[in-house]
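Hello,

Here is the structure we talked about. Please load it before reading on.

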Amino acid sequence: MRPHFLLSILLPVCSLQSQQRPAAETLVPVSASESLLVTTTGTGTTIVLIPGLFGSAFGYRHLLELLPAAGFQAVVIEPLGVGRSPRPRRADYSLTAQADRLAAVLYARGTKSAVVVAHSVGASMALRLAYRHPELVGAVIALDGGPAEEAGTRGLRRAMRYAPWIKWMGGVRRLRPHMRKELIAASGNPSWVTSEVMDGYTAGATADLDGTLLAFLAMSEAREPERLGPHLGAIRCPVRLVVGTAVHQGGVDEKHVRLMLEKLPNFSIDSVPGAGQYLFEEQPSAVIRVIERVMANTQTPILGSLQ
């Protein structure tokens with residue numbers, strides 16, 4: 001559940017409205033045998049969106065509407081094996097390799113100094129991206145995620161418990177109730193977890209169940225070539241952690257928050273009152289406000305308010 005120490009130090013953010021904008025999807029090669037699915041919409045300063053392991057561009061659908069309305073171009077990069085990106089069987093699924101693939105996409109696009117918004121373990125990919133390719137990242141906004149040292153998170157390990165019988169006992173149909181239960185437990189207000197949303201979140205696995213299970217197994221067994229923690233001090237761009245104040249399952253570990261407070265030179269924390277881990281689902285307008293505040297480059301105390 002949400003570490004109680006966070007609830008006493010976080011301050012609220014505000015909301016705004018927007019309208020829908022069209023999006024384009026492209027498979028961008030990052031090596032001779034690997035490609036990532038990239039979804040782009042809007043014009044203006046680029047905001048890069050990285051989903052967590054169970055996310056996708058679908059999960060960011062509200063931000064894909066709100067960001068263009070706020071004057072930004074939204075670019076969702078789905079890491080290898082995530083969402084509807086390909087799932088090659090012999091790939092390196094470490095967080096470090098994923099960060100380097102994100103860099104390859106940004107280099108291919110000619111994108112530099114982008115604000116990178118990343119959810120859950122995607123935040124660890126974003127921090128690795130900022131450390132390994134600092135010219136590409138102008139700021140990191142971590143949505144309930146921190147410097148995880150392995151892709152095999154608790155959530156992934158829970159999911160892999162079902163892997164041996166998912167295919168043979170009904171496939172994704174059997175997986176959906178467990179995933180729905182996880183999403184509800186991770187939410188402050190679970191009303192967003194509808195049947196249509198579950199269709200969107202399971203679309204990638206439905207299209208390639210074998211590949212999904214093998215990719216997740218590879219993620220759970222991946223070994224990092226180096227730890228991120230000792231290198232956090234080298235990340236000079238602003239890093240903003242955003243968490244929901246509702247008590248919920250999952251979320252950023254207390255030890256990771258303390259590590260970021262200790263190591264990152266330019267770190268701040270904001271909160272979304274009443275939200276859980278899926279901030280962009282429950283209160284997407286609050287996430288937009290965070291992005292606008294970071295883009296405005298205002299000086300804020302380490303526990304900033306977006307009132």
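Below are some notes on its salt bridges.

The model is predicted: local features need pLDDT of at least 70, side-chain atom pairs count only at pLDDT 80 or more, and totals for chains, interfaces and linings use all residues. Residues are numbered from 1 along each chain as its sequence is written, and side-chain values use heavy atoms, with hydrogens and water left out.

A search of the whole structure gives twelve salt bridges (a side-chain nitrogen of Lys or Arg within 4 Å of a carboxyl oxygen of Asp or Glu). Helices (H or I, at least four residues) and strands (E, at least two) are DSSP runs, numbered from the N terminus.

R84 is partly exposed at 44% relative accessible area (buried is under 20%, exposed over 50%, partly exposed in between; 1.4 Å probe, protein chains only). E25 is also partly exposed, at 46%.

R61 pairs with E281, with the closest N and O atoms 2.9 Å apart. E281 is buried, at 5%.

E254 and R258 bridge at 2.8 Å between the closest N and O atoms. Both lie in helix 11 (residues 254–263), four residues apart, so about one helical turn separates them. E254 is partly exposed at 33%, as is R258 at 44%.

Finally, salt bridges link R128, E149, E224 and R227 in a network.

Best wishes
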